[in-house]
Amino acid sequence: MTEVTKQQRNEPPWPKPLPYTANILHRLARGWKTWLGLLNEWDFRIPIGEINILGLPVFLINDPPLVRRILVDEVENFPKHPYTLWILEPLIGRAIFSVNGEEWQWQRRLIDQAFQVAKLNRVFPSMAGATEDFIKRLHEHKSQQPIDIDAEMTLVTADVIMRTILSRPLSEGESKKIFLAFSRYQRKAGRALVLRFLNLPKSLIQINLKNDAKIIRDWIHIAIKERLKKHAEGDETSSTSMDLLDCLIMANDPETKRKFSEKQLVDQICFLFLAGHETSASSLGVATWLLALYQDIQQKLREEVLLVSAGKPVQEQLEQVEIRKLNYCSAIFNETLRLYPPVSFFIRERIKTDTNFFVSGEKSKCPLGALLTLSPWVIQRHENHWEDPQVFKPERFLKTKESRWVKEAFLPFGIGPRKCPGAAFAQQEAVLVLAELVRNFKVSPAKGHIPNLTGRLTLRSSNGIKLLLQKV
Ligand code: HEM
């Protein structure tokens, strides 16, 4: 095998960027089905890209010092773009993810307080319970038939977050109704952004999103009302059995003494439910597909799990101490997040003109109100930042030298003050699910199926991820 073909073998399929076009309408048309279509091939080589979309100046920032400046050093000068709020508002209202300034600061203080309950050792039993049910469901599946592992990962991650927020598993009836509404919302929100670029009024486009959002919000509102009633009756749980909802209800901002109102609780829980399962499901589905494509990596992972679990029967679940030793499994997950980041685009707005925009100290060419795009999808596959950028190589995350890559070139969870507070939660959950999966099954590709990866609010496959499972 020549060097070139060896390398190609290690480049898992991905929706490649299309040739350069300066025609904005053509680019928007490409972005209608998937935001990845908005990109040109050229964007993976340049430090900064610039276009004007019908009067709106839009920049793509790949340059690490500038990424740092926007996300870390001058975060208050580059808040989340209003389009973030606008696309998500029907579903999550004014929850933490899309607001800025003081409104964000006090919410973050309360969320950080409530997240004490989501500490890794406290949530481990919820993760273990949901993973046990997931493995049972897979064992019930006929082994000759392809299984949609993307749908299964959606179910297990939603179950984990449900147990963490509400202390109960997700029922089958709930999951069907809610997932369908989420997936319709995703599809419509993807298109809504393109329509907004075409200057269609916000109110008109939001109407289209409200029906699906209402199904999810009403479902969450009922659970919150019941819990608030219990709290009002003085029936509060002890601090050891408190779940995330209890903590959010009781969280109290030490600076302003503010607490979340009923409406704000619905906003936050809707967001946490979305953030807590969509992203994890996306990465776990893709990670399993990669394990099916690379049997050698899958086998190496299985050997690591067997070594760590030291001959324990497969019926006995892995424990947290064992999960923490699975370094190769973590590396596989990180490499999956690098090549297929669930949140592929962050958008920020430039609101201050008194600083030079470009790192070199050049005078600013970036006008007030410009939309700045920072894309993990582009930066993490960029040829300036990564050796063999398109190659799936988990080993790159095992090396210990700091100089492996620039810090700003790996940002699946964001960086800086707005970095995801659920990162450690997601890592623990992913390692547990993948480790239990390979202990129980050998996964292989289903003949003729290639996932159609589509970039919207999160990166998901529009035709599922179909794989074959065989008991080991
Ligand atoms: C693989 C899984 C996950 C990925 C890739 C991910 C990624 C992200 C990203 C990229 C952001 C925004 C960063 C920015 O705009 O600068 C974010 C924010 C956030 N995520 Fe996650 N996330 C994951 C799982 C979770 C989980 C499990 C939770 C909760 C249990 C969570 C809760 C949040 C919250 C509350 C924010 C808002 C933070 C803020 O605005 O201050 N995420 N996440």
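Reply: Start with the element names. Helices (H or I, at least four residues) and strands (E, at least two) are DSSP runs, numbered from the N terminus. This is a predicted model, where local features need pLDDT of at least 70, side-chain atom pairs count only at pLDDT 80 or more, and totals for chains, interfaces and linings use all residues. Residues are numbered from 1 along each chain as its sequence is written, and side-chain values use heavy atoms, with hydrogens and water left out.

Me: How many cavities of 30 Å³ or more are there?

Reply: Rolling a probe the size of a water molecule over the atoms shows where empty space is left. A cavity is a set of points, on a 1 Å grid over the protein atoms alone, where a 1.4 Å probe fits but cannot get out; lining residues have an atom within 4 Å of a point. Grid points are joined across faces, edges and corners, and a volume is the space filled by probe spheres set on the points. Here the count is one cavity of 30 Å³ or more. The largest cavity has a volume of about 80 Å³.

Me: Which elements supply at least two residues each to the lining of the largest cavity?

Reply: Helix H7 (149-166), helix H9 (202-232) and helix H11 (262-293). H9 gives the largest share, four residues. Among the lining residues are Met 162, Arg 168, Trp 219 and Phe 273. The lining divides into 10 nonpolar, no polar and one charged.

Me: What lines the second largest pocket?

Reply: A pocket is an open set of points with protein on both sides within 12 Å along at least five of seven lines. The second largest pocket holds about 580 Å³ of space. Its lining has 22 residues, with Asp 150, Thr 154, Ser 183, Arg 460 and Ser 461 nearest its centre. H7, helix H8 (172-197), H11 and strand S8 (459-461) each give two or more residues. H8 provides the largest share, seven residues.

Me: Is Gln 299 buried, partly exposed or exposed?

Reply: Buried means under 20% relative accessible area, exposed over 50%, partly exposed in between (1.4 Å probe, protein chains only). Gln 299 counts as partly exposed, at 34% relative accessibility. Gln 299 lies in helix H12 (residues 295-309). Gln 299 and Val 438 are 139 residues apart in sequence, yet 8.4 Å apart in space, C-alpha to C-alpha.

Key. Ala, Val, Leu, Ile, Met, Phe, Trp, Tyr, Cys and Pro count as nonpolar, Asp, Glu, Lys and Arg as charged, and the others, Gly among them, as polar.
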